[in-house]
Amino acid sequence: MTRLNWLALSCLLAGPVLAGNPVTAERQQELRNLMIQDCGSCHGLTLRGGLGPALLPSMLRGKSAAYISTMILEGRPGSAMPGWRPLLSEAEAHWMAELLLRGDLLPEQGS
Ligand code: HEC
């Protein structure tokens, strides 16, 4: 197997296997951009809060990836938080939730 194949395989295995379709490396970069630009417009460019609450790991502690991905997909009716279902698959929302819980969106994000 070539090096590239190994890379593709490890991306597949490291991805949200349980959530179905893997999120490709290219799509991961798109999602990171979406989170900084779109989520950041309400939650703050460094996710420290704005119109929406901070999305740092310390703020999300105790919340599950399932809760966060549902929040991303459905939004919260009656609040400014929109649902992103038209733009995102469940696997993608789950990947984003895991990334937020890890605090891995921005180098300086920390907890
Ligand atoms: C138009 C503004 C807006 C945008 C854009 C937005 N949010 Fe929100 N978000 C909110 C508001 C306001 C809340 C608080 C809702 C409430 O509970 O009243 C919220 C709540 C949340 C919560 C729940 C936090 C908690 O601690 O329970 C998560 C998770 C979240 N947003 C993630 C995202 C993600 C990821 C994106 C981008 C895909 C995003 N949001 C885009 C306004 C926004």
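Biologist: What does a polar side-chain atom of Lys63 lie 2.7 Å from?
Modeller: An oxygen atom of the ligand. I count such N or O pairs within 3.5 Å as polar contacts. This is a predicted model: local features need pLDDT of at least 70, side-chain atom pairs 80 or more, while totals for chains, interfaces and linings use all residues. Numbering runs from 1 along each chain as its sequence is written, and side-chain values use heavy atoms, without hydrogens or water.
Biologist: And Tyr67, how far is its side chain from a ligand oxygen?
Modeller: 2.6 Å, from an N or O atom of the Tyr67 side chain. For His43, a side-chain N or O atom is 2.8 Å from a ligand nitrogen.
Biologist: OK, the iron. Which residues coordinate it?
Modeller: His43 through NE2 and Met81 through SD, at 2.0 to 2.1 Å. Donors are N, O or S atoms within 2.8 Å of the metal (3.2 Å for Na, K and Ca).
Biologist: Why call the arrangement octahedral?
Modeller: The 6 donor atoms subtend angles of 86 to 179 degrees at the iron, so the arrangement is octahedral. Six donors qualify if opposite ones are over 155 degrees apart and all others between 65 and 115.
Biologist: Where do His43 and Met81 lie?
Modeller: His43 is in helix α2, Met81 in the loop between α4 and α5, so the pair ties together parts 38 residues apart in sequence. Helices are DSSP runs (H or I) of at least four residues.

Key
Polar contact = N/O pair within 3.5 Å; in protein donor to acceptor, adjacent residues only side chain to side chain. Tetrahedral: all angles 85-135°; square planar, octahedral: opposite > 155°, others 65-115°. Helix = DSSP H or I, 4+ residues; strand = E, 2+ residues; numbered from the N terminus.
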